[in-house]
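User: Hey, I've just opened this one and I'm new to it. Can you walk me through it?

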Amino acid sequence: MTAHETTLCTLFAEVLGLPEVHPGQSFTGLGGDSIQAIQVVSRARLAGLVVTTREVLRSESVSALAAAARTDDRAHGRSGPTAPPRRFGPLAATPIMEWLGEVDGPVDSYNQSLVVRTPAGFDAAAAERLVQALLDTHDVLRLRLPGGLAAPVPAAEIPEPGTVAAAGLVERVDARTATDEELPALMGRRMEAARALLSPRDGTMLRAVLLDRGADRQGRLALIVHHLAVDGVSWRILQDDLRTCWAALASGAAPEPDPVHTPFAHWAELLRADATSGRRMGEATRWYDVLGPAPAPLAGVRPPGPLDPETARNTHVLTLPPEFTGPLLTAVPGLVNGTVNDVLLTGLALAVLNWRRDGDGEGGGDGPSGEDPAGGRVLVDVEGHGREDVVDGLDLSRTVGWFTTVYPVRLDLGPTDPADARAGGPALGAALRLVKEDLRAVPDKGIGFGLLRHLNSRTGPGLARRGIPEIGFNYLGRFPMGDDGDWSAAPGHAFALDDADEGLPMAHAVEVNAAAHEGPGGLTLSATWTWAGNAYPGTRVRALAEEWFAVLRALARYTGRPGAAALTPSDVSLADISQADLDSFESQLGELL
């Protein structure tokens with residue numbers, strides 16, 4: 001193996017939790033997703049290699065990625081591209097910040113949180129030093145909104161490092177007599193109190209709780225961060241920083257995280273400029289068309305009017321076991337040179353079609369048996385990580401902040417037979433290829449929609465009048481569970497995403513949040529369905545959730561079907577080639593072989 005191949009094989013194995021990786025294997029073929037690809041980019045940079053997220057996801061093998069990798073001169077002490085300077089003071093609001101400002105409800109304690117294991121003997125003084133290092137390194141953790149949060153978002157600002165003291169933000173709880181089984185409940189009570197102390201107006205974006213278990217047992221550290229300052233990718237950065245800082249502190253050195261290549265404030269300014277560029281303005285008609293009217297439930301935009309808040313009563317959680325999750329997240333994307341999102345959204349689109357044709361899950365139908373009044377179209381709001389390669393040379397792999405993008409996607413399966421697809425027939429492969437092409441056609445993975453909707457005064461009002469899709473979808477990536485090492489996610493403490501204030505209305509009538517968990521028993525897919533009580537009854541949503549998993553199980557079994565693998569038009573460089581042309585060519589080639 002070349003030196004680059006050796007480095008990348010090692011990084012793939014680390015990020016994906018595999019014992020080893022070979023040069024002929026691909027990242028997506030091993031089950032890697034876009035969030036994990038960002039981790040590879042970050043760690044490759046520290047090792048002196050420059051690759052992009054797109055290259056990691058699209059390369060056919062480690063060898064191909066290694067051939068495309070560039071050397072990072074800065075890692076070898078030579079001159080290289082200069083990182084944008086840190087900027088303090090006023091901060092330009094990003095699209096997702098403006099989106100939150102439009103929500104009609106309380107958002108002061110809208111947060112995400114993570115609980116990790118701490119080394120034995122880790123005490124309050126060490127916790128304060130590590131939290132201080134995070135605060136001083138990641139500017140957005142010091143964010144202040146003195147005018148509150150309302151659209152348009154008033155002046156936000158980032159004060160200089162050192163102006164926010166960790167000493168007043170870390171609570172130590174004596175847990176030396178607590179058993180392992182008692183820790184989750186104890187931590188849960190203290191976290192609930194901590195989240196109530198978050199205050200964007202005052203610049204309190206982070207609170208921490210330490211369960212100190214003394215010198216002989218691992219403790220627990222919870223970080224509770226306002227959602228304005230963190231997202232799913234950011235947590236992976238912060239978790240790596242905790243490990244790095246503790247290693248330094250334990251050796252007697254000052255805790256210092258790895259450098260941040262692009263300040264969040266610089267990214268925010270780039271978005272403001274891009275929102276009115278000719279490139280983005282050229283997308284406006286496309287987004288208007290995507291949000292066009294559709295006639296059936298869960299096919300288009302939701303009707304006007306406020307939605308009820310999320311409640312535990314209107315929540316349904318399903319878990320797909322390892323025998324289906326493994327192939328679903330590894331082998332199935334490889335069938336079409338696609339991504340995990342391609343697979344999960346194919347399953348969701350087919351589930352909606354079946355659910356809708358069966359009378360929205362309760363029988364009766366909206367039209368003649370087998371007829372879909374929406375013509376095989378399903379409209380979904382998709383969340384993305386937002387760290388897209390839209391500026392050459394910009395490295396966001398070490399930047400903490402809320403980058404999330406939300407954009408509508410119209411999945412058009414045409415006159416498909418969802419029953420045949422559910423049974424694992426040819427319609428399943430055809431749907432997978434169509435959805436992959438629909439998603440591949442979205443420019444820059446949808447980042448332009450938020451720019452035009454929230455940062456452009458010419459296009460924003462018109463897009464706002466179009467409404468939003470009834471259903472929202474978010475795949476959060478893979479999370480290791482069951483690791484008992486220091487700084488790993490603690491057992492019994494779920495990674496809390498979008499922990500909303502009581503009374504905050506839902507953004508969509510139905511929302512699906514899915515995540516893969518790597519535990520001792522294998523890889524599982526967990527899906528949390530939530531719905532507004534004034535939009536759909538629980539029986540209908542639960543029926544849709546069960547139907548989605550039924551289609552996902554069919555997709556997992558589909559990997560063993562002869563001829564399941566197939567190219568799609570976006571995989572080849574020939575102009576005007578259709579899916580039918582490719583299918584015909586592959587069929588003829590198969591006959592010759």
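Predicted model: local features only at pLDDT ≥ 70, side-chain atom pairs only at ≥ 80, totals over all residues.

User: Where is K445 in the chain?

Analyst: K445 is in the loop between helix 16 and helix 17 (447–454).

User: And what is its phi?

Analyst: Phi of K445 is near 55°, a positive value in a residue other than glycine. Most residues other than glycine have a negative phi. N337 also has a positive phi, near 55°. N337 is found in the loop between helix 13 (331–335) and helix 14, and counts as partly exposed because its relative accessibility is 34%.

User: Back to helix 16. How does its span work out?

Analyst: Helix 16 covers residues 426–440, which is 15 residues, so at 1.5 Å a residue it should span 21 Å. Its end C-alpha atoms are 22 Å apart, which agrees.

User: Which of its residues are buried?

Analyst: The buried ones in helix 16 are A427, L428, G429, A431, L432, R433, V435, K436 and L439. An α-helix has 3.6 residues a turn, so residues three or four places apart point the same way.

User: Zooming out, how many helices and strands does the chain have?

Analyst: The chain has 20 helices and 15 strands. Of its 593 residues, 54% count as buried. The accessible surface comes to about 23,700 Å², and 52% of that belongs to carbon and sulfur atoms.

User: What about contacts between residues at least 6 apart in sequence?

Analyst: Of those contacts, 78% join residues at least 24 apart.

User: Okay, the nonpolar core. Which residues touch the most other members?

Analyst: The largest nonpolar core has 69 residues, and L328, L344, W529 and W548 touch the most other members. Leaving aside neighbours within four places in sequence, L344 is in contact with L328, L329, F473, Y475, L525, W548 and L552. Apart from that core lies another of 64 residues, among them I35, L169, A208 and W402.

User: Now aromatics. How many pairs are there?

Analyst: The structure holds 13 aromatic pairs. One of them is W355 with Y536, an edge-to-face pair at 6.1 Å centre to centre with 65° between the planes.

User: Where do those two sit in the chain?

Analyst: W355 is in helix 14 (residues 340–357), while Y536 is in the loop between strand 15 (522–531) and helix 19 (538–558). The pair links distant parts of the chain, 181 residues apart. Both W355 and Y536 are buried.

User: Why does the W548 and F549 pair count as tilted?

Analyst: The ring centres of W548 and F549 are 5.6 Å apart and their planes are at 50°, so the pair is tilted. Both W548 and F549 are buried. Ring pairs also link F473, W529, W548 and F549 into a cluster.

User: Which charged residues sit over rings?

Analyst: R236 lies over the face of F479, at 4.3 Å from the ring centre. The charged end of R286 sits over the ring of W287, 5.0 Å from its centre.

User: Last one: D212, buried or exposed?

Analyst: D212 is buried, with a relative accessible area of 8%, and lies in strand 7 (residues 206–212). Leaving out residues up to four places away in sequence, D212 touches F122, D123, R172, V173, D174, A175 and R176.

Note on methods: Residues numbered from 1 in each chain as written. Heavy atoms only, no water. Core = buried A, V, L, I, M, F, W, Y, C linked by side-chain atoms within 4.5 Å. Buried < 20%, exposed > 50% of the residue type's maximum accessible area, 1.4 Å probe, protein only. Contact = heavy atoms within 4.5 Å. Helix = DSSP H or I, 4+ residues; strand = E, 2+ residues; numbered from the N terminus. Areas by Shrake-Rupley, 256 points an atom, 1.4 Å probe, with all protein chains shown as cover. Phe/Tyr/Trp six-rings, centres within 6.5 Å; stacked < 30°, edge-to-face > 60°. Lys NZ or Arg CZ within 6 Å of the ring centre and 35° of its normal. Expected span 1.5 Å × (residues − 1).
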